[in-house]
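Visitor: I am new to reading protein structures. Could we go through this one together, one question at a time?

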Amino acid sequence: DTEVTLTARLTCADYFWQESYPVKALSEANAKYATETWADGMVAHYEFDDEELTNKLNKSEKAVLKHNSTTASPIVDDTEQLRNGNTVHLNFGANGKESYVSMPNPLKGKDLSNGATLSFFVKRTDDNLWDALLGMSDGTQRLYLTGNLYAGFNDGNGNYIDINHPETVKTDKLQPGKWNMVTITFSRTVNSTSGGITIYVNGNKNTDKYKESLNGKEATTKQGFDYNLILDLMASCDELYLGNGSFWGSADARFDDVMVYDRALSYVEVMALQQMTDRSNINSKTDGILENVTIEKCKNENVYDLQGRRIENPRNGLYIKNGKKILVR
C-alpha cells in the first residue's frame, strides 16, 4: 500500500503538456477483495460502433433507434472528442414523444438470484432532472433512472420506491456537458449499508435519499422495500431502454458503452470496471480537451533517459532535455 505519483508528459517540438496523478498502489493482499472479476457475469455490451448496433457478447441482439410521435429518432455519430468511436445521441421528448434506444433485455428469463448490474457512460446536454436516461417496463410496472440519479420503481398497485426524487434532493452528480460513468447494482437482499439498489458515479458510491411505500406502509430507509419486485420485473421485461420507461419523456443526452450483468457487482468490482472501461478523461480537474490543455514554451531543464526516467547526473550516453535528444560524452 504505497502512495506514488505518476507523471504524464506529452511533447511536440518546443511545446509540452504535463500532468501529475497521485495514486495508491495496493498490496496484493488488499487488492484481492473478491474471487470474481469485473468481467464475470456480463451478458451485454453495446459500444454503438458497428452499423447494426449489436451486443458484443451476443451478435443476435441489436439495438434499435426509435421515436414516438413527431420527435426525431436518436442519431449515432463519432463527434465526441472524449470518447473512442461512436456515441448515441437522444433528443428531448415529452411523455409520449420519446426519442429512445430499444435493446433486447439480456436478463429476461433469468432468476437473478445473484442480482443484476446496469452500467453506462452518459453526457447530459441540459439540466433536466425528470426525463428518462434508462428504463424498463412491462406495460404496468416500470423501473427508470433520470439525470438527478432519481431511480424509481412503480408496480401500478401502490408499491413504489423513489431514490433521489428531485423534490427531495438535487444530487448535482451528472453535470451537463461532462461524461460520467453510472453503475447501478440490484440485489434481492438488503441491509442498512448494502444490497437493494446502489448507485455509483465514476466508481464512487452515491449517498442516496429514500422514500417508498410497500403494502401500504411508508418508509425512508434503504431496507424499507422488497427488492424482489424490482429484480422480478428486470427478469420479465422484453426490452431495456435508453430514454424511455419512466412517467416522463426522454432526456437530451449522449450514451456510450452500455453494459448489463446478471449479478450485482461488488464495490471493488465497480471500481475495477471503471478503470477498465473509462476511455475518457473524467478527472474532476478537467473540463475537456480544449479547456484543460495549457500550451506553453518548454522550460524544463531536467534530463531524462530514453525510457523517460529523470537522471540527476547523466553519464556518457543519449538523453532527452527540453524535448530534444542530447549526447553526453
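Visitor: How many residues of strand β9 are buried?
Guide: A strand here is a DSSP run of E with at least two residues, while a helix is a run of H or I with at least four, both numbered from the N terminus. Buried means under 20% relative accessible area, exposed means over 50%, and partly exposed lies in between (1.4 Å probe, protein chains only). Strand β9 covers residues 99–104 and is mostly covered. The buried count is 5 of its 6 residues.

Visitor: Which pLDDT do side-chain atom pairs need to count?
Guide: Residues are numbered from 1 along each chain as its sequence is written, and side-chain values use heavy atoms, leaving out hydrogens and water. This is a predicted model: local features need pLDDT of at least 70, totals for chains, interfaces and linings use all residues, and side-chain atom pairs count only at pLDDT 80 or more.

Visitor: How many bridges join β6 to β9?
Guide: Strands of a sheet pair through backbone hydrogen bonds, either parallel or antiparallel. Two strands pair if DSSP finds at least two bridges between them. Strand β6 (residues 64–67) and β9 run antiparallel, and histidine 67 has serine 99 in β9 as its bridge partner. The number of bridges is 4.

Visitor: Which residue of β20 stands opposite proline 104?
Guide: Strand β20 (residues 239–242) also pairs with β9. The sense is antiparallel, over 4 bridges. Opposite proline 104 stands glutamate 239.

Visitor: In the open sheet of 3 strands, which are the edge strands?
Guide: The order of this open sheet is β23-β24-β25, with antiparallel pairing. β23 and β24 (residues 317–321) share 2 bridges, and valine 303 stands opposite lysine 321 in β24. Each edge strand pairs on one side only, and these are β23 (303–304) and β25 (324–328).

Visitor: Why do the buried residues of α3 line one face of the helix?
Guide: Helix α3 takes in residues 267–277, and its buried residues are Glu269, Val270, Leu273, Gln274 and Thr277. Look down the axis and take the directions from the axis to the C-beta atoms. The buried residues line one face because they all fall within an arc of 145°.

Visitor: What is the relative accessible area of threonine 117?
Guide: Threonine 117 is in strand β10. Contact means heavy atoms within 4.5 Å. Leaving aside neighbours within four places in sequence, the contacts of threonine 117 include Thr183, Ile184, Met259 and Leu265. Threonine 117 is buried, with a relative accessible area of 0%.

Visitor: How many disulfides does the structure hold?
Guide: A disulfide is a pair of cysteine sulfur atoms within 2.5 Å. Cysteine 12 is exposed at 59% relative accessible area, whereas cysteine 237 is buried at 1%. The number of disulfides is 0.

Visitor: Is the pair of tryptophan 130 and tyrosine 150 edge-to-face or stacked?
Guide: Rings of Phe, Tyr and Trp (its six-membered ring) pair if their centres lie within 6.5 Å; planes under 30 degrees apart count as stacked, over 60 as edge-to-face and the rest as tilted. A search of the whole structure finds 13 aromatic pairs. In this one the centres are 6.4 Å apart and the planes at 85°, so the pair is edge-to-face.

Visitor: How many residues apart in sequence are the parts tied together by tryptophan 130 and tyrosine 150?
Guide: Tryptophan 130 lies in the loop between β10 and β11 (132–137), and tyrosine 150 in the loop between β12 (142–146) and β13 (151–154). Tryptophan 130 is partly exposed at 27%, while tyrosine 150 is buried at 2%. The separation in sequence is 20 residues.

Visitor: How far from the ring centre of phenylalanine 121 is arginine 83?
Guide: A charge sits over a ring if NZ of Lys or CZ of Arg is within 6 Å of the ring centre and within 35 degrees of the ring normal. Arginine 9 lies over the face of phenylalanine 16, at 4.2 Å from the ring centre. Arginine 83 lies over the face of phenylalanine 121, at 4.0 Å.
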